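Colleague: I would like to learn how to read a model like this one. Please take me through it feature by feature.

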4 protein chains.
Amino acid sequence: MKITVIGAGSTYTPELVKGIMDISSEVKVDELILYDLEESEEKLETIYQFSKRLVKDLFKVVKPKNLIDALQGADYVIFQFRVGFLKARENDEKIPLRYNLIGQETTGMGGFSCALRTFPVIEKYIELVDKYSKATVINFTNPSGHITEFVMNYIGFERFIGLCNIPVNLLHMISQVTGYPPKDIFVKYYGLNHLTFLEKVYLKNEDATEKLLETVKLELANIPKEDFPGWLIECLKMYPNSYLRYYLMEKKMLKKIKKEGTRAEKVISIEKQLLELYKTGDKIPDQLSQRGGSMYSTAAAYLIRDLHLSNGSVHILNTRNNGAISNLPDDYVLEIPCMVKAGKVFPTSLGIADEFASGLIHIVKMYERITIDAYLKKSKNLALKAMLLHPLGPDVEDAPKLLEDILNANKDFIKLE
Amino acid sequence: MKITVIGAGSTYTPELVKGIMDISSEVKVDELILYDLEESEEKLETIYQFSKRLVKDLFKVVKPKNLIDALQGADYVIFQFRVGFLKARENDEKIPLRYNLIGQETTGMGGFSCALRTFPVIEKYIELVDKYSKATVINFTNPSGHITEFVMNYIGFERFIGLCNIPVNLLHMISQVTGYPPKDIFVKYYGLNHLTFLEKVYLKNEDATEKLLETVKLELANIPKEDFPGWLIECLKMYPNSYLRYYLMEKKMLKKIKKEGTRAEKVISIEKQLLELYKTGDKIPDQLSQRGGSMYSTAAAYLIRDLHLSNGSVHILNTRNNGAISNLPDDYVLEIPCMVKAGKVFPTSLGIADEFASGLIHIVKMYERITIDAYLKKSKNLALKAMLLHPLGPDVEDAPKLLEDILNANKDFIKLE
Amino acid sequence: MKITVIGAGSTYTPELVKGIMDISSEVKVDELILYDLEESEEKLETIYQFSKRLVKDLFKVVKPKNLIDALQGADYVIFQFRVGFLKARENDEKIPLRYNLIGQETTGMGGFSCALRTFPVIEKYIELVDKYSKATVINFTNPSGHITEFVMNYIGFERFIGLCNIPVNLLHMISQVTGYPPKDIFVKYYGLNHLTFLEKVYLKNEDATEKLLETVKLELANIPKEDFPGWLIECLKMYPNSYLRYYLMEKKMLKKIKKEGTRAEKVISIEKQLLELYKTGDKIPDQLSQRGGSMYSTAAAYLIRDLHLSNGSVHILNTRNNGAISNLPDDYVLEIPCMVKAGKVFPTSLGIADEFASGLIHIVKMYERITIDAYLKKSKNLALKAMLLHPLGPDVEDAPKLLEDILNANKDFIKLE
Amino acid sequence: MKITVIGAGSTYTPELVKGIMDISSEVKVDELILYDLEESEEKLETIYQFSKRLVKDLFKVVKPKNLIDALQGADYVIFQFRVGFLKARENDEKIPLRYNLIGQETTGMGGFSCALRTFPVIEKYIELVDKYSKATVINFTNPSGHITEFVMNYIGFERFIGLCNIPVNLLHMISQVTGYPPKDIFVKYYGLNHLTFLEKVYLKNEDATEKLLETVKLELANIPKEDFPGWLIECLKMYPNSYLRYYLMEKKMLKKIKKEGTRAEKVISIEKQLLELYKTGDKIPDQLSQRGGSMYSTAAAYLIRDLHLSNGSVHILNTRNNGAISNLPDDYVLEIPCMVKAGKVFPTSLGIADEFASGLIHIVKMYERITIDAYLKKSKNLALKAMLLHPLGPDVEDAPKLLEDILNANKDFIKLE
């Protein structure tokens, strides 16, 4: 089995390497290919050397000559690159603030510029994956759900799975609270990536939802802390994704972001530290846990294992609804529990979505699609249309200026007319 | 034919009387019943006497002894009452402003309190209509679309048609601009009442959309003037309902409302003037046109005529989608062109809704449904859930306080626990 | 306005010419183009001369030099050709009889061979219509609904309307029984062409279904007479299309067909007579009414008039469901009441189809689609699959032989591998 | 855990007992309750004594005082009774033959009378199960899919799973051919019970469909042997359920049935033999394998185990589609692969059904629903309507007589007006 990582210069990579080491007792891994752009060569070399020290001779760790080499014959390709690096992310986070709008890597207008910048690169990479391999792509690149929508419904490439660490953390957290192992926990959980809702929790055969809902509290390093009040959970009868804070407590979160500074800046400093530690160390440093993507590696490695074993286990993944949530269209890419079998992922039929959830899912999905259209047609008009529709987007008054700011800051990546 | 008006004490009524006079040359009208609550007896008496002078002996104008008398054997019942009168409307408009939210009779949090106040009365009246007549109800009572959703999908009463004067005015306006009579104009127009989109205009067989879109400009007396910028129409490729200003230019509109004062206050003063004129006059006074509901009468009277003649003409009405907009659920009550035939209204199949439009339609429809549930289950939690979902609703921080303010101001009408 | 008839050598044409004369007082007709294949030149010349005598100088009747000439700049194109002429129809009717299966021009295995023979010609003609005109095609060529399915859903040509004379005759018959003019009659009528169900009859606003259902009796010259028993109508609570006799009384009808000989043979003899009469006459001969397609002309001419006037009148047409029957897929081509407006046809939302009707509609639609696939992929396997699915098709034992017989008899037209 | 068997006097029961013994090492079984009607007391006593000898002290085997006793506190209830016993089945098989129609226990007109006879008993039992327990019902009673449709969609009882031994046998057979254990085999298999299609076979991650389709050959003791010809599989590109022979080779199968005599007669003789053996034996006799329901026990016992363990394993079950087959309505009860988790069964999203399959599924589902309506409304008219729609049903000429024959033979069970 050959696993290729695109964007391997990331400081996350060691955790991923660790995950693949873990599964290598159950499935035979032959090669792990660590690829990144020339601009990241220095970082990549550090990570590569560190990984080799970590892996020892469990499997081969390879730094390929070029992208084609990296992809040729791959069984699984992991996308974890960030177009424009952290500098671009900083723009995503800062520009919306000028208009009193949430600036966030994946959500609102920050996610919007990130998506527009990332689509062309994804398009190019998918073409190459398809040409040089039969691999299944596992995607971490943000905004992960939006990109899966783009790849599955617009490019039409089917062997693509959008992954996020939040569901894994959620199950982990429920497991810790209840003492049940994750395999005995089943959830009715659905939505768009970073816009999901936990509606039911089953512990084996028992419906433990009522008991658990108020104790579920997912803390993410990525976003400023701000508790959902207890009455909110009671009135929703669902636990909303942490990112819902931006929608439901917009004013408070805006204040926090302004006060705390962007996440990009913090990440830049953490990355620097980590790279130092990777240069000499030979085990995963504790500081990695502050990096924000905790359990990404677990999510990805276990998914690869279960795809390979076709063992019918359940993962929460971004893929086409295909009837699983019966009152949402079949072709919406959603984040939902899927059975992994026969090299495919089969969303499990969960019945209907709650009205509150489905209202938000619909409007943000329509925003996603208009944004994709804006990219495909290189159209400023469609970009404006998308921005105006987003619940965290600008008023008519500000939209054109905000768009110009975004285009200026991203002129190497986004071209609209 | 017996036509009953519930809420006949309204100063609109004379225009409606005029409309029914107009159609009485084509369909035989026997009686027009003018009913209102005791509290409105004085206004009703004025309107009644004025109407009799207007109608002469074209048909009988009757002031019934009581509601049952009014409904017994009616063929058409017109709902045009306002629960809590203009005083309550003033609250609807003012309370949201305290939280920097749009205050408007039908839209946002003003429409929310108006709806909750109106549902129980509608429920009671529908029960009586069903018991004492086989009448079709034509509804003007606001929020008209929300109420039609409630009556058709929750009460399950089918002979109910939600009406609004905006589509009639729109066709009238297109007719004036183009010189084509309304019957030769056909529009792809759809959405929720006050949240509609004009996507196509046909003049006879010609698709005149591109030519016309930017010249369509609907001015409403009800809401503050504020132009949609030209680029907005270009980017939407649709003409949005005037009320969309609240969604798309929220900050500007909020400023305007605060500056101009509530519409309720203005209407109270216009009403006073009109009632003076009705006391002695014997023709429709010019001032009525400032009242805001221009062409309501035309819409209602012509609809009654065409229902009666079963002549297959097209009206834009609030009724169940029933497949007309193919990418919206069949059971959504929408405002769409319908063919009037066989005593029923048949929505015409218009293909798919635009993504921008459908995003907003979905989220506001979900808000509508949760609000109806809040009424039916008398649940504060569901009321909060509805408020949080509405694009013009409050943040988590303000929602509970806003709800309490609304409940306090409406304690005679709304009971939630 | 230029109207082109493809297959104008048909003995029906004079009735059509008459129809167009009728509408020429309401819409200005400029030219009527009568086109047919060279093989039909003699017949065409007769029809052409007869038509000129009939029309006088109401409008120009033209015999074009070639097909391109015929189509260039046409506003309406009428397809009424029969591929392989009556000789081929005779095969369609006779071959299935060898296997004790219904042999009929449009239904069962006769309709199957007719469809396969006709698709390639339709495909070629549609290409030319699209290239040389902006015309709307009105199709009589059988099997009319199957061909509309092919053109709209597989070729993707939208300006195509499938027409049948049965609905017009049905309304005519109801009109005669009730004394109401057709425009005051509205029906819930739906299904596939020749597989339709009349579920509701409204006379103006009155639901007259119960009163009328048992008195509706449509006699067709095309098919052997055989009454539906009274109890059948009572148990269906619908009036089934006359062609349903083949499905519901298969054994009886088979006996009749065998006894009475094929319709093709009869038509050949009627045609001969009619052509004689056309040679010298100058008015429509009475014998035309035995020809079988009574009121085709009315259906077509009035449709052209109403399309042109965009007058919102209702015609029963074959077009995409588009939500009109809410429990059938949007993309099924159905025969349903449509409002004619803006140069388009808008199916009217009629609610759900009866379960009996929908069972038959689904299975025959699936047969239609597999048959179209068989043509497009030139696949014997798919042809067999279609035959086995059809309720009037063969058993596994007979299917391959029947297919070979059909292919042999049609080797100039159908090529499968 | 308490497991109750309704219809335990069946000679199948010992195999079921064996199955429950097998799982008792993995889940703790407390009591097995063997219930049957008084009329079967003698058979039941034999089975009961035999079962006790078989089980030894693995768990308690109980013969309850009455039905309420049997159901009280049950965790799983197995329905395996036959209303009217084998005598009634004999009628089901013989009566249709008089009209040259397939007579078969579950398919065609035999299945029709069986269903009408069984609905009232099911209705009564479900009421009691619901009143006296929280049990999940596992149903073998025929026609199993039709009954599941009735229970889930008309009675509205949700904890009901329709089971059939065919899918288990199919997987077993594929396992034998390929050497893969059943857990590594995944199939795209769907349809109505006894009207299913095997469209894809995956061995772990490999799509082995093409390789396997022609080697799949399921022999059933229940129905006369008759091979599907090779070309049929090639043209369907699916392996049809053995019962499809009745639809696709109707004439041949009819001949066979007439020649071979009814299955009921054979079963009566086998049963006699088996009961003799049960009287004295203490292990499962070999003759049981001729009984026809081979692996029923495995199917049921393993399902109970996996429901109890909530282990996410996949079973092919009759339950509501719920989006799994995306081009079939959500509420159709289908036989499809389901993941067993959280005490529920989750159909796995398999994409679209083949057109051939879906044509047959639709028409037979509509037949099923009209039949249920006929029972609920006690309507002969609806019974006739159902019969006329079924692909193996009578012509109009024979339908009333056939219905009278069925009603006469079943007058103790079916009352229609």
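Colleague: Which backbone oxygen does the side chain of S349(B) reach at 3.1 Å?

Modeller: Ground rules come before the answer. This is a predicted model, where local features need pLDDT of at least 70, side-chain atom pairs count only at pLDDT 80 or more, and totals for chains, interfaces and linings use all residues. Residues are numbered from 1 along each chain as its sequence is written, chains are lettered from A and ligands numbered from 1 in the order in which they are written, and side-chain values use heavy atoms, with hydrogens and water left out. Now the answer: the side chain of S349(B) reaches the backbone oxygen of P347(C) at 3.1 Å. The backbone oxygen of N322(C) is reached by that side chain too, at 3.0 Å.

Colleague: Is S349(B) buried or exposed?

Modeller: Look at relative accessible area: buried means under 20%, exposed over 50%, partly exposed in between (1.4 Å probe, protein chains only). S349(B) has a value of 2%, so this residue is buried. Its place is the loop between strand 13 (344–347) and helix 14 (355–376) of chain B. Helices (H or I, at least four residues) and strands (E, at least two) are DSSP runs, numbered from the N terminus.

Colleague: What does S349(B) touch, not counting residues up to four places away in sequence?

Modeller: A contact means heavy atoms within 4.5 Å. For S349(B), the partners include G323(B) and A324(B) from chain B, and F346(C) and S349(C) from chain C.

Colleague: Which residues does the UniProt annotation "binding site" cover?

Modeller: Read such labels with care. UniProt positions are given in the numbering used here, feature names are shortened, and annotations may be inferred rather than shown by experiment. The record, an unreviewed entry, marks C164(A) and H194(A). They are spread over 31 residues of sequence, yet cluster in space, with a largest C-alpha distance of 8.6 Å.

Colleague: Where is C164(A) found?

Modeller: Look in the loop between strand 6 (160–162) and helix 7 (165–178) of chain A. C164(A) counts as buried because its relative accessibility is 4%. Beyond its neighbours within four places in sequence, its contacts include H194(A), Y296(A) and E335(A).

Colleague: Which side chain does H194(A) join through a polar contact of 2.8 Å?

Modeller: A polar contact is a pair of N or O atoms within 3.5 Å; within protein, one must be able to donate a hydrogen and the other to accept it, and residues adjacent in sequence count only if both atoms are side-chain atoms. Here the partner of H194(A) is the side chain of T106(A). H194(A) sits in the loop between strand 7 (185–192) and strand 8 (195–203) of chain A. At 7% relative accessibility, H194(A) is buried.

Colleague: How many salt bridges does the structure hold over all chains?

Modeller: A salt bridge is a side-chain nitrogen of Lys or Arg within 4 Å of a carboxyl oxygen of Asp or Glu. The total over all chains is 131. Take E271(B) and K43(B), whose closest N and O atoms are 3.3 Å apart. This pair links helix 12 (residues 263–280) and helix 2 (residues 41–55) of chain B, 228 residues apart. E271(B) is buried at 8%, whereas K43(B) is partly exposed at 25%.
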